[in-house]
Amino acid sequence: RSRGLGDVYKRQANFYSIFNLPGRDERFKIPIINYLHWLAVPETLKYQKTTFVRQVEGIILSEFTGLNSKWAKRIFMQNLSRMRRDKVFSSFFNDKTFRIVDEKLQPLYLGSPLNEIDEYRKLDYDELARNSKERKLYKEIFEKVESIKTIVFNHRLMNYTGANEFIKYIKRLSKERKDFLVWLTDPNYKAFFENEKLDVIPNLLRVETLPWKVYIALLSRCYFSTACHPTYSAWSLSCVDTMSVCRPVLVPRAFAFPEIVGEDYELFFGSDLNNRETLWVHRASYLLDNESEARRIGLECRRRVEMLFDWKKIIDNYIALFDKFVNRDFGEETESMRKLAEYIKKTGAVSKRDIFNFMGWSHDFNTKVTWQRYRNYLLSNGFIEDFSSDKVFFRHKVVGQRTIADTLEVPEIEITFLDEKEEFDIEFIDEQEEFEIQFLDENNERKSIAKVWECPRCGHINDEEHYFFCEKCGFRNLETMD
């Protein structure tokens, strides 16, 4: 927000999502900053060759493409080398392609919101519950976790995340001891709950998916978490979550994990599949028997997060990308941009709604992309200055010693309702100008000023800025599903 960033589009960073970006216009170069949230790995590349080609095309079209570990970039470049030798797809790639991808594809870590985490992990179930039903549930699970040392498997219950490996490890640990509880944070994957393999776990915490605050508070009361990926891992945010609440993690010495916890981490449990089970059981028993050691290692984990993954620090990397690629000259002026610049200069101070009305734009998704292109162009060329963080207003930029506020004062306004039809009058108090604005539809009734919708999940009334997802709980507006 502080840098004027407009919209973030949740799209997979490939050729089609960029080429079909809503509002894309060949007259202007839209700078694209990609982020690869998943990638094909050597074990699955043979099934995902076309997808991989599209990802490479997306990288080439972008100004910059981030992904969340150095290890992930190495894997991507290895796959690119393999594809250059592929009989079918080799013609798509050459040395120039390799150089461009190597330059544009760079590690860009995801962060941990330590301020929020430190606030939430101190909360008790009474403070977290919103009603009596939640209070009863949270009381039960919090008391259960606080009464026994809890091991967390904080991943999806899928084969590729090592869920079967984890169950195998727990089965062997259970033969030696039963003084622990297991929390699987993905309890909605019914195939695993219906699977008899879970019966081998002596104490299993079964609970619905929890809100973020409750999840952090409960995680901070657990003992340690583990990752048991059998073949690959891109970046384990779940491990960073555990480290953020001062708890240790058990991870293999493989994939991206050494990058997360450090090369000299004490709780690795093997670099190959042959002896992992034995080492995992040994490390788990060591932690369960040595509470002071678990606390010490947990504090070291927290210090590593503070050093490398605190959002307050790494957000500067994202801002630097924005300053480098987005806030800059967008090309030739067009008649419509000159027209808009003159309108802002003549009017003095205008809102986003004023601009949309002046340009004859509707408030739909495509126009929002067009607006971001215009706005960035006008900002970067010094036509306007964005001076409000709450409600977006724009003023013509004045060059010289005097400030914008000194030069263009916005008069105070008074809003008065005139009658039961809710026509209303906006009157400038300083009497510079006086006029009436009526928002009426064809039936002479008041029109809705903004496109609003009520979230069916939480009841929050959302304005047009949050038309696609609820501002409060993130629920998707069902009217936009198409």
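Good morning. I begin with S244, which lies in helix α11 (residues 237–244); helices (H or I, at least four residues) and strands (E, at least two) are DSSP runs numbered from the N terminus. This is a predicted model, in which local features need pLDDT of at least 70 and side-chain atom pairs count only at pLDDT 80 or more, while totals for chains, interfaces and linings use all residues. Residues are numbered from 1 along each chain as its sequence is written, and side-chain values use heavy atoms, with hydrogens and water left out.

S244 counts as buried because its relative accessibility is 0%; buried means under 20% relative accessible area, with a 1.4 Å probe and protein chains only. A polar atom of the S244 side chain lies 2.7 Å from the backbone oxygen of V240. Leaving aside neighbours within four places in sequence, S244 is in contact (heavy atoms within 4.5 Å) with S112, L114, I117, R302 and V305.

I turn to strand β5 (residues 181–184), where L181 and W183 on one side and V182 and L184 on the other are all buried. Strand β4 (residues 150–153) pairs with β5 in the parallel sense over four bridges; pairing requires that DSSP finds at least two bridges between two strands. T150 has L181 in β5 as its bridge partner. Strand β6 (residues 204–205) also pairs with β5 in the parallel sense, over two bridges, and V182 stands opposite L204 in β6.

Finally, helix α2 (residues 49–61) has buried residues F52, V53, Q55, V56, G58 and I59. Thank you.

Notes. Buried means under 20% relative accessible area, exposed over 50%, partly exposed in between (1.4 Å probe, protein chains only). A polar contact is a pair of N or O atoms within 3.5 Å; within protein, one must be able to donate a hydrogen and the other to accept it, and residues adjacent in sequence count only if both atoms are side-chain atoms.
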